[in-house]
Amino acid sequence: MPTAEERKRLLRGVIPRARRLGVDDTLRGWSWSAPPLLSPYEVPLGLSEVAGAYCETGRDVYARRVLGIEAEPNEKMLLGGALHGTLRDWVVHAKRSLYACGVGRIEEAVERIRTFPAPELPEAKTLVQYETDAIEFRIREAMSQFPRIGTDALVAQVLPVTLGQMLDGAFLGLSRRLSTDLLNLGEPVVLDIIFDDEKRDFHPLTLAGYALVLEAVYEFPVDVGVTVYAGFRDGRLRMEREFTILGDEVRMEFIEARDEKQRMVADAMDPGSCEGCEAWCGR
């Protein structure tokens, strides 16, 4: 969750600026039936295949889609998957505890949240402890500020997230089974949580892609995304949040990447290996 200061910066700074800048209507997801959003190929790629550029030439997509070679998940992928799974399980547990106890038994709700089974993975254990402490603070803050708040409103106040929202990306020529995380701050904000990685220039493309899909499916504007970089050091969780205005440029960059990779697969064009591959790359 963003801190109170970050939430204020989002609501009074980033989101209003995104509205002022605006987005060309042809680059809103609901314009999927016409160029440039109309997909020129019948190659439904996953959103991460389009937006990810860990392999600069896209040969990982070529190997998977054309050669049928599926790379073994590396250590970072396994860790990220485990942490995402733990976080989603914890959010469900926390919401269930709050609904079961209600605002009338808030101390019991806090105790129930703390009964979440301790994960074996040290990083997951640290993540759960951090989120548990953080939600207790947010609950007590909300109850103090809004003493007459109802149970459903409290859940929306302290856990305004939907993790693993399922989306059909077919409108944009993508996979029909996409999954994303959303932060609800009066309007939807795309949330991308990245564990144990450095900032990459292409990370905003994931936010832009999901914004386009959300607009195509639900036809409401999505103007802002948040990338959360989470790492672990000395048993502590360290986080940095990067806010991105999802304007014309990053949307067009995503669409161009989609068209290029779809053409590569449709025409079976080997892009060749790239220079400076990641250490885990199978080339």
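Me: At what angle do the axes of helix 4 and helix 6 cross, and within what distance do they come?
Reply: The axes of helix 4 (residues 75-101) and helix 6 (residues 122-145) cross at roughly 30° and come within 10 Å. Axes are lines fitted to C-alpha atoms over the stretch in contact, with angles from 0 to 180 degrees between N-to-C directions. This is a predicted model: local features need pLDDT of at least 70, side-chain atom pairs 80 or more, while totals for chains, interfaces and linings use all residues. Residues are numbered from 1 along each chain, and side-chain values use heavy atoms, without hydrogens or water.

Me: What makes helix 4 and helix 6 roughly parallel?
Reply: Their axes cross at roughly 30°. Angles under 35 degrees count as roughly parallel, over 145 as roughly antiparallel, 65 to 115 as roughly perpendicular and the rest as oblique. Helix 4 and helix 6 are therefore roughly parallel.

Me: Why are helix 8 and helix 9 called roughly perpendicular?
Reply: Their axes cross at roughly 90° and come within 9 Å. The pair is therefore roughly perpendicular.

Me: How do you know that the span of helix 9 agrees with its length?
Reply: The expected span is 1.5 Å times one less than the number of residues. For the 19 residues of helix 9 (residues 248-266) that gives 27 Å, and the end C-alpha atoms are 27 Å apart, so the two agree.

Me: What makes Phe254 of helix 9 count as buried?
Reply: Buried means under 20% relative accessible area (exposed is over 50%, partly exposed in between; 1.4 Å probe, protein chains only). Phe254 is one of the buried residues of helix 9. The cover over these residues includes helix 8 (203-218) and strand 5 (236-245).

Conventions. Helix = DSSP H or I, 4+ residues; strand = E, 2+ residues; numbered from the N terminus. Contact = heavy atoms within 4.5 Å.
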